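Hi there,

Here is the structure I promised to pass on to you. Have a look at it first, and then read on for my notes.

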Amino acid sequence: MATALATIPAGSCPYIDGPAEVKDLKVVEDIPMGHKFALRPIDGEVIKYGEVIGVADRPIAPGEHVHVHNVKSRRGRGDLHKEGA
Amino acid sequence: MEFWGFPRPDGKIGTRNHLAVLSTVVCANEACLAIANEVKPSALLIHPHGCCQTPPDTRRVTETLINLGRNPNTGAVVVVSLGCESVNAGEVAEAIAASGKPVELVEIQALGGSRNAVAKGIEAGRKMLSGLEQQKRVRTGIENLLVGLKCGSSDAFSGLITNPTVGRAIDRLIDLKAGAVFGEITEKLGAEHIVGKRACCQQVRDRLLQATSYIEHEAVKMGMDMREGQPTPGNIKGGLTTIEEKSLGAIAKSGSREIAGFLEYGQQAPGPGLYVLDSPGREPEILTGLAAAGTQAIIFTTGMGAPQGHPLVPVIKVTANPRTHEYLQNHVDLFFTFEQGQDGFAAGAAALLDLLLEACSGKLTKAEEHDYAKFIGIYTKGPVL
């Protein structure tokens with residue numbers, strides 16, 4: 001996963017400060033400044049700072065926006081812990 | 001490393017020399033307001049607490065009020081009480097006076113009503129103010145500084161650049177025997193295993209983990225996902241997806257040094273070193289908790305741009321978000337740029353320490369310049385009764 005330091009338009013290939021195999025990655029949708037996009041396919045745990053920051057609730061392809069629409073938190077989830085549920 | 005501050009009778013050093021007008025109860029707020037309107041400059045400390053609360057909350061409010069009065073930046077205090085409230089106003093005034101600074105207690109019911117109380121408060125306040133105006137700053141060492149830490153309206157830049165830069169500066173301060181306090185217990189969710197490892201002992205670690213799990217339990221029992229409450233809509237707009245991501249970025253501002261203790265809300269830090277304060281992330285409550293802990297300056301990192309300061313403590317706003325730096329110049333004191341290939345953290349930390357010493361020696365922060373520093377908040381846990 002990478003973070004966009006400026007807004008990246010869909011279809012462009014930004015400079016990526018990362019491993020060699022992702023240098024030519026094309027983002028498939030607009031990535032607003034400060035938002036994340038996938039460098040590799042993501043399925044399951046989402047890692048940033050070397051730690052788990054959440055779980056992808058569907059497979060995310062390289063170049064896709066990674067955010068609240070496809071990643072869920074594992075903490076403070078009262079919706080998953082309703083009494084009697 | 002040195003700064004110029006106001007020496008207090010208890011040996012502490014203020015970075016400001018405020019006359020505080022301190023309310024002991026919501027019912028005395030209007031008298032405080034009337035006094036502060038006539039006695040300028042003064043720091044107005046009003047709040048919705050002080051009565052009809054659970055005994056633990058009354059104790060916590062009492063301690064917070066005492067320690068706001070004892071904050072080194074407070075030079076003198078007019079304490080304003082109604083007279084029948086749960087908070088013991090005499091205890092508040094006496095405990096502040098024990099630190100050696102001038103204190104006057106004004107009680108509305110005992111003085112025949114608010115008009116008389118306001119008149120007495122104005123008279124006492126003006127006298128104290130003329131005393132404060134005679135005091136001069138003296139040069140003092142960095143070991144006399146306790147810095148508060150806070151991030152607000154965070155975004156992706158906060159965790160990646162701003163907070164780690166502040167963390168470098170805090171490591172340096174701790175190594176120089178200064179002190180620092182961070183809090184925002186909600187922003188330990190997902191990062192408590194990292195922060196916990198830095199605790200000096202099992203007791204501090206256990207209390208930190210217990211506080212974190214308490215706040216998560218309080219959120220979970222509402223039966224909803226806490227996202228939108230934390231992280232906030234602004235955090236999400238700024239690119240933060242989950243509380244875990246926000247937390248992992250937030251803890252970076254505390255640096256890497258050992259955590260010497262856990263402070264209950266309203267308590268003073270007992271000495272130099274790094275402390276964690278039991279507090280939520282919301283601005284008025286944590287800034288007031290940091291002030292009660294005895295911090296003389298607060299470093300506040302912001303992503304999307306948070307304007308507020310605090311009536312007693314200068315709040316230095318730093319950001320690495322170029323858009324916030326450009327559009328919110330009224331609110332940002334320092335901008336961290338990050339050029340590729342450079343050790344941007346070290347350069348930013350050095351610039352921050354320079355600004356911190358200037359601010360502690362009297363340079364106004366943006367929040368002070370724009371007078372966006374009028375509100376306090378006290379973090380209570382129980383119901384209003």
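Let me start where the two chains meet. Chain A and chain B bury about 2,500 Å² between them, 56% of it on carbon and sulfur atoms; buried area here is the accessible area (1.4 Å probe) that two parts lose on being put together, summed over both. In chain A, the residues that lose the most area to chain B are Met33(A), Tyr49(A) and Arg75(A), together 28% of what that side buries.

Before going further, please keep in mind that this is a predicted model, in which local features need pLDDT of at least 70 and side-chain atom pairs count only at pLDDT 80 or more, while totals for chains, interfaces and linings use all residues. Residues are numbered from 1 along each chain as its sequence is written, chains are lettered from A and ligands numbered from 1 in the order in which they are written, and side-chain values use heavy atoms, with hydrogens and water left out.

**The interface**

Counting contacts (heavy atoms within 4.5 Å), 28 residues of chain A meet 32 residues of chain B. The rule finds five salt bridges across this interface, a salt bridge being a side-chain nitrogen of Lys or Arg within 4 Å of a carboxyl oxygen of Asp or Glu. One of them joins Arg75(A) to Glu216(B), with the closest N and O atoms 2.7 Å apart.

On the chain A side, the elements that give two or more residues are β4 (51-56) and β6 (71-72), and β4(A) gives the most, with four residues. Helices (H or I, at least four residues) and strands (E, at least two) are DSSP runs, numbered from the N terminus.

**Chain A as a whole**

Chain A has zero helices and six strands. Its C-alpha atoms fill a box of roughly 50 × 20 × 20 Å, taken along the principal axes. Of its 85 residues, 42% count as buried, where buried means under 20% relative accessible area, exposed over 50%, and partly exposed in between (1.4 Å probe, protein chains only).

Now to chain B. Helix α2 (residues 55-70) of chain B has 16 residues and spans 22 Å from its first C-alpha to its last, close to the 22 Å expected; that expected span is 1.5 Å times one less than the number of residues. Its buried residues include Val61(B), Leu65(B) and Leu68(B). They pack against β3 (18-23), β4 (43-45), β5 (74-81), α3 (89-97) and α10 (283-292) of chain B.

In α10(B), nine of the ten residues are buried, among them Leu287(B), Thr288(B) and Ala291(B). The cover over the buried residues of α10(B) includes α2, β8 (146-152), β9 (179-182), β11 (273-277) and β12 of chain B. After α10(B) comes Gly294(B), with a positive phi near 105°.

His310(B) sits in the loop between β12 (297-302) and β13 (315-319) of chain B. His310(B) counts as buried because its relative accessibility is 3%. Its side chain makes a polar contact of 3.3 Å with the side chain of Thr288(B), and a polar atom of the His310(B) side chain lies 3.1 Å from the backbone nitrogen of Leu312(B). Not counting residues up to four places away in sequence, His310(B) also touches others, including Leu68(B) and Leu287(B).

Asn73(B) is in the loop between α2 and β5 of chain B, and its relative accessible area is 0%, so Asn73(B) is buried. Polar atoms of its side chain lie 3.2 Å from the backbone oxygen of Gln296(B) and 3.0 Å from the backbone oxygen of Leu312(B).

Lastly, Gly261(B) belongs to strand β10 (residues 259-263) of chain B and is buried, at a relative accessible area of 8%. Leaving aside neighbours within four places in sequence, Gly261(B) is in contact with Val204(B), Leu274(B), Tyr275(B) and Val276(B).

Happy exploring!

How values were computed: Polar contact = N/O pair within 3.5 Å; in protein donor to acceptor, adjacent residues only side chain to side chain.
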